[in-house]
Structure formats: structure tokens, C-alpha cells
Amino acid sequence: MEYEEKTGRAHRPLSPKQNVRKNLDFEPLSTTALILEDRPANLPAKPAEEAQKHRQQYEEMVVQAKKRELKEAQKRKKQLEERCKLEDSIGNAVLTWNNEILPNWETMCCSRKVRELWWQGIPPSVRGKVWSLAIGNELNITHELYDICLARAKEKWRSLSTGTAEVECEDAGFSAADREASLELIKLDISRTFPNLCIFQQGGPYHDTLHSILGAYTCYRPDVGYVQGMSFIAAVLILNLDTADAFIAFSNLLNKPCQMAFFRVDHGLMLTYFAAFEVFFEENLPKLFAHFKKNNLTPDIYLIDWIFTLYSKSLPLDLACRVWDVFCRDGEEFLFRTALGILKLFEDILTKMDFIHIAQFLTKLPEDLPSEEFFTSIAAIQMQSRNKKWAQILAALQKDNREMEKGSPSLKR
């Protein structure tokens, strides 16, 4: 009241506009509002210089806002052009694969042109067909065999649920408890397979399909059974192939030497793969290799999960599929080349980390990996050491191990 008396404004009636402002308890919501808003009537008006300064600031803000809008519009236009270009490229690639390559697979699959197309990524619409052809069917599995294995799996599920499991001839040596544990693990693992997609979990459209393929495989290969990680491989195949064809590809893929060594937990052979990997690790990334050695970080800490799931758990799904593309082209060597590509991509970060942080980082890679940068990093990895390729290094190490097992002195390579 004292202030009002001094200013002589105590009894001046408020205008309708001022009264609304008072009732709303108005607060400016932005810098623009602060600049343009006149002072309340009970305060001195802005000096002319200050008002001019605020107008200039406002005009500058408008100019900057327009620049940002223009920049965003240009960015959106560029993204649209790139998307259109990519779609055109994929469309052209689909025509090439369907009209030229697939009809002449045997003669063209190893040509330079096809290998280059392969590296760029196989179009999703033909990916399953190319994978099937590249993986092959050395096991001669038919759709009928899949149906037989699935029927046996369903019978086992029924008998286990009623407690009347019987040992069948092909399962001799494998107890009912082992089979039950394997089937329980399948059930648990399916719920953890690509959880973000929500298509393989209970009630999802592919839950039963994944369950069927994994169950059928335990009947087809009771000596291997179900091993954690298999569900991710089967899931990726289901997304690209019909059910029976996915089972055929899955069984043949797991029959490859590297996958069989890991899924059967052949420690000796796994260590040989790790040793071969370290030869190329030291050759390509000597500084990081020395840092890993100093911190006692062995390949098994990060490689096992990558190899078991063929990167489908560790990388974004679209990127994992591109890795699978080239894996189908180059074989097991590319799995280890990809590992080195990842290490190269993050070399600067990893060299500053200790054991715990490296292990944590490699166990959970960043989700926003840029595709082209990732494959550029892989392309920079040379899979040749002292004029020896991956297969030669691996064979030499295997020979050394066999001789050591026989008691012969190790041959130094």
C-alpha cells in the first residue's frame, strides 16, 4: 500500500486487458515473450534504447530460427533423396539377383560382380533364397524329415508333460531328465529372443514356429541338443525363410565346423579358433592387442557370445543380417573378421578402458552403429598374416595341437 501511495497509482482502475493479465497471473514462456512484452502498467515503461535493443534481439532470433528451419528442411530433403536413391538401388539389385544371378547360381555365385553385390547387402526379398543356396544342404534334409522330427518332438513334449517319457532308440544314452532340461531351456530362451520385436514370445506370431524348429532339431541331433544362443540363429532364419527351409538351413549351418565346435563345447577346438583370431588381432591392431594382453582380456570373454548367436544378439537386426550376408559368402573367416572390425571401430575408446569396462562395452555394444562406417572398418581388416590366410593359420594351429596331444614337440609357426 505504501508503494502504491508513493506512485500515485493506488486508486487508478485497471483496464480490461490488465485485469485479465492479473487474473491469469501471466508468466512469459519464452525469450521472445520477454523481449516483446511491454512492462506492466504499474512499472516504468522501457527506455527507448532498451526497447530498440530488444527489437533487434528479436529480429536476430527470427533470422536464426529461419536459418534453422532452412537447415532442417535441407536435411529432410537430403534424407528423402538418399532414401529414394537407396530404394532405387535395392530395386535394381532385386532385378539383378532375380533375373541374372539366381537362375545361374552355380556359374555366377563366385563372380566378382556378385561378390561386390553381396558385400553391399542382399535385398530382403531375395535374402532367404540366397542364404539357402549359400549355406547348402550337405545333410540332404527334406521337408518330410522336418515333419518327422517335429512329430517326434511334439510326442516328447506330450510324454514329458504327462510324466510318461520313454527312451527311444535314437535317444539311447540321453536320459529323460536331459531331454526335459533341454526342452525347458528352449522355452526359457524363446522368451528372451529379440524381446523388443515381441513376435517370438508367448502369443506372438512366430512363437510356435521357433519352438517347433528348435524342438525338431533336438530330435534330429540329440547328441547336440539345445544350446543357448541357437534360438537367435533360428529366429533370424524364420524371418527370412519358410519354416521347413529355415530348419534345413539351421541344421546345415550348425553342422559347419566352427558352429559345431562351439555348440558342442569342444574346448580344444575353441581355443584353436581363439588362437587363430589372436594372430590376426595382433597383425591388424597391435596397439589394442597389447592393451588387451596387459589387462588379461582373453578372446573368449567377448567372442563366445558373438559366435554363438552369429552377432544377431549383439548387433541391430538389420546390421546383423548384413553380417550374415557376407558370412554366407566367406564362411567362418568373416565371423572373426567382423570381430576385428568391431574392435577397430572402437579402438580409440577401448584403449582408454580397463578390464571391467572393456568387457562391459563389448558385451553390450552401442545400438546406433552406423552401417557404412561399420563395414568400412571390417573392410580395413586384412585376413592374411605372413602370407598365410585364415584357413592356413587355423590348420597349422590344429596340427600343432594334434601333435602336442600325441606328445610330440610343438612346431613353431
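User: How many helices and strands are in the protein chain?
Analyst: Quick caveat: this is a predicted model, where local features need pLDDT of at least 70, side-chain atom pairs count only at pLDDT 80 or more, and totals for chains, interfaces and linings use all residues. Residues are numbered from 1 along each chain as its sequence is written, and side-chain values use heavy atoms, leaving out hydrogens and water. Helices (H or I, at least four residues) and strands (E, at least two) are DSSP runs, numbered from the N terminus. On that basis, the protein chain has 22 helices and two strands.

User: How many disulfides does a search of the whole structure find?
Analyst: A disulfide here is a pair of cysteine sulfur atoms within 2.5 Å. The closest cysteine sulfur to that of Cys110 sits in Cys109, 3.7 Å away, so that's too far for a bond. The search of the whole structure comes back with zero.

User: Is Cys258 buried or exposed?
Analyst: Buried means under 20% relative accessible area, exposed over 50%, and partly exposed in between (1.4 Å probe, protein chains only). Cys110, at 63% relative accessibility, counts as exposed. Cys258 has 0% relative accessibility, so it counts as buried.

User: Which residues have the most contacts inside the largest nonpolar core?
Analyst: A nonpolar core is a set of buried Ala, Val, Leu, Ile, Met, Phe, Trp, Tyr and Cys residues joined through side-chain atoms within 4.5 Å. The largest one has 111 residues, and those with the most contacts inside it are Trp97 and Leu343.
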